Amino acid sequence: MQKKPHQVPFLDLLQINMAHQTAIQTAMNQVLESGWYILGEQVNAFEKEFAVFCQAKHCIGVGNGLDALHLIIRALNIKAGDEVIVPANTYIATWLAVTYAGATPVPVEPDENTYNIDPKKIENAITPHTRAILPVHLYGQTADMDPIIDIARHHHLYVIEDAAQAHGARYKGRPAGSLGDAAGFSFYPGKNLGALGDAGAIVTNNDHIAERVRLLRNYGSKIKYTNEIQGINSRLDELQAGILRVKLNYLDSENQLRQKWASYYTEHMPKEQVLLPYVPDAMEPVWHLFVIRHSHRDQLQSKLKEKGIGTLIHYPIPPHISDAYQSLNLPKGTFPLTEQIASEILSLPMGPHLTEADVEYVCNIMNTL
Ligand SMILES: *Cc1c(COP(=O)(O)O)cnc(C)c1O
């Protein structure tokens, strides 16, 4: 009988969640049987537990990661006419959070080694309208926060972390979510901490931001039918909160497994053809993605596909060239480094679903190409 060829999926959410099947089912039943489905004891408990995990004072659960960022911006009263500095090299949600609040995203090129916003290029982008800097901890590694915070202090700007890919990542020993004025997290199913649907949270040490965001996520209301401001409806469900509480218990060990696979990849990749991720001393990434660079990326991706290895590109079209942002008039060529990165990056399989045989197989194939 012929041996089945080895398959390595990019991600396997079924496997990741089935590993906690019994505990998740118990949590879901608990919510079902409680008869209380919005803003109850599961959300309260998750908010306390996730704040502790991030070493921050407050956590406020919301509907998704985009809303988390958008509500921070609204809580800071950033609005039409204001500018927010964002990475050119990010997922479009970072920019959408700014435009959703009526403000204008002002993109800055990345550091060419880490792919995160380059602090040296931020000051050039500051104008009298700038209100905040919104660094993204892309792929699970924090941005270089100390110089960003220094610039922000000097110019009286807020710092908002997009921590949607960085649950548990550390910068100089301190966790993502505790580094700026406030942070937005996503618990989209594919993130390091993923719900079984949409979910997100704001984490902050700032009492005022926490209070405003609590109002904004719930129709601007603290007391039912008493509406202090024009809020929206973006609440974390009891059901998702119960599931996230289960999965939070395993986040550190799952992140450690990601680190193990990242180390294995780093050690066994063919280093002449492939540019590996760069990790500065200050950073402890959580490897949401393992992103390599290759000059013939598309060819590499199809060869890996032929060998049963799933890969993705994060992200193929930078926000400034997407149809969605033609109105900003930032044509192709405006951010050449971002555009070059987008044409060369490839995300290899990464996650707690992988086995040693999987990463060994990926490295073996990479070394035969
Ligand atoms: C996933 C993600 C978001 C948005 O989160 P959603 O929960 O999908 O709304 C924002 N920023 C980054 C960098 C992300 O990866």
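**Setting values against cut-offs**

Q: Which residues does His137 touch, leaving out those up to four places away in sequence?
A: His137 touches Asn116, Thr142, Ala143, Met145, Glu161, Asp162, Ala163, Gln165, Ala166, Ala176 and Leu179. Please keep in mind that this is a predicted model.

Q: Where is His137, and why is it called buried?
A: His137 belongs to the loop between strand S4 (130-133) and helix H6 (145-155). Its relative accessible area is 0%, and buried means under 20%. His137 therefore counts as buried.

Q: What makes the pair of side chains His137 and Glu161 a polar contact?
A: The two side chains come to 2.8 Å, and a polar contact needs a pair of N or O atoms within 3.5 Å, one able to donate a hydrogen and the other to accept it. The contact between His137 and Glu161 is therefore a polar one.

Q: Why is His70 called buried, and what does it touch?
A: His70 is found in helix H4 (residues 65-75). With a relative accessible area of 2%, His70 falls under the 20% limit, so it is buried. Not counting residues up to four places away in sequence, His70 touches Ala97, Tyr100, Ala101 and Ile232.

Q: What makes Asn44 partly exposed?
A: Asn44 is found in helix H3. Its relative accessible area is 43%; buried would need a value under 20% and exposed a value over 50%. Asn44 lies in between, so partly exposed is the label. The C-alpha atom of Asn44 is separated by 8.6 Å from that of Gly61, 17 residues apart along the chain.

Q: Why is Gly177 called buried, and which residues is it in contact with?
A: Gly177 sits in the loop between S7 and strand S8 (182-186). A relative accessible area of 3% is under 20%, so Gly177 is buried. Leaving aside neighbours within four places in sequence, it is in contact with Ala56, Glu161, Ala183, Phe185 and Val203. The C-alpha atoms of Gly177 and Ala51, 126 residues apart along the chain, are separated by 8.8 Å.

Q: How do you know that helix H8 is mostly covered?
A: Nine of the 11 residues of H8 (residues 238-248) are buried. They are Glu238, Gln240, Ala241, Gly242, Ile243, Leu244, Val246, Lys247 and Leu248. Their cover includes helix H1 (13-18), helix H2 (21-34), helix H3 (41-53) and helix H9 (251-268).

Q: How do you know that strands S2 and S3 pair?
A: Pairing needs at least two bridges between the strands. Strand S2 (residues 83-87) and S3 have five, in the parallel sense, so they pass. Val86 stands opposite Pro107 in S3. Strand S3 (residues 104-108) is mostly covered, with four of its five residues buried.

Q: Why are S7 and S12 said to stand at the edges of their sheet?
A: The sheet is open, with three strands in the order S7-S6-S12 and antiparallel pairing. Strand S7 (174-175) and strand S12 (283-284) each have a single partner strand, so one side of each is left without a neighbour in the sheet. Strand S6 (residues 170-171) pairs with S7 over two bridges, and at least two are needed. Pro175 in S7 is the bridge partner of Arg170.

Key. Residues are numbered from 1 along each chain as its sequence is written. This is a predicted model: local features need pLDDT of at least 70, side-chain atom pairs count only at pLDDT 80 or more; totals for chains, interfaces and linings use all residues. Side-chain values use heavy atoms; hydrogens and water are left out. Buried means under 20% relative accessible area, exposed over 50%, partly exposed in between (1.4 Å probe, protein chains only). Contact means heavy atoms within 4.5 Å.
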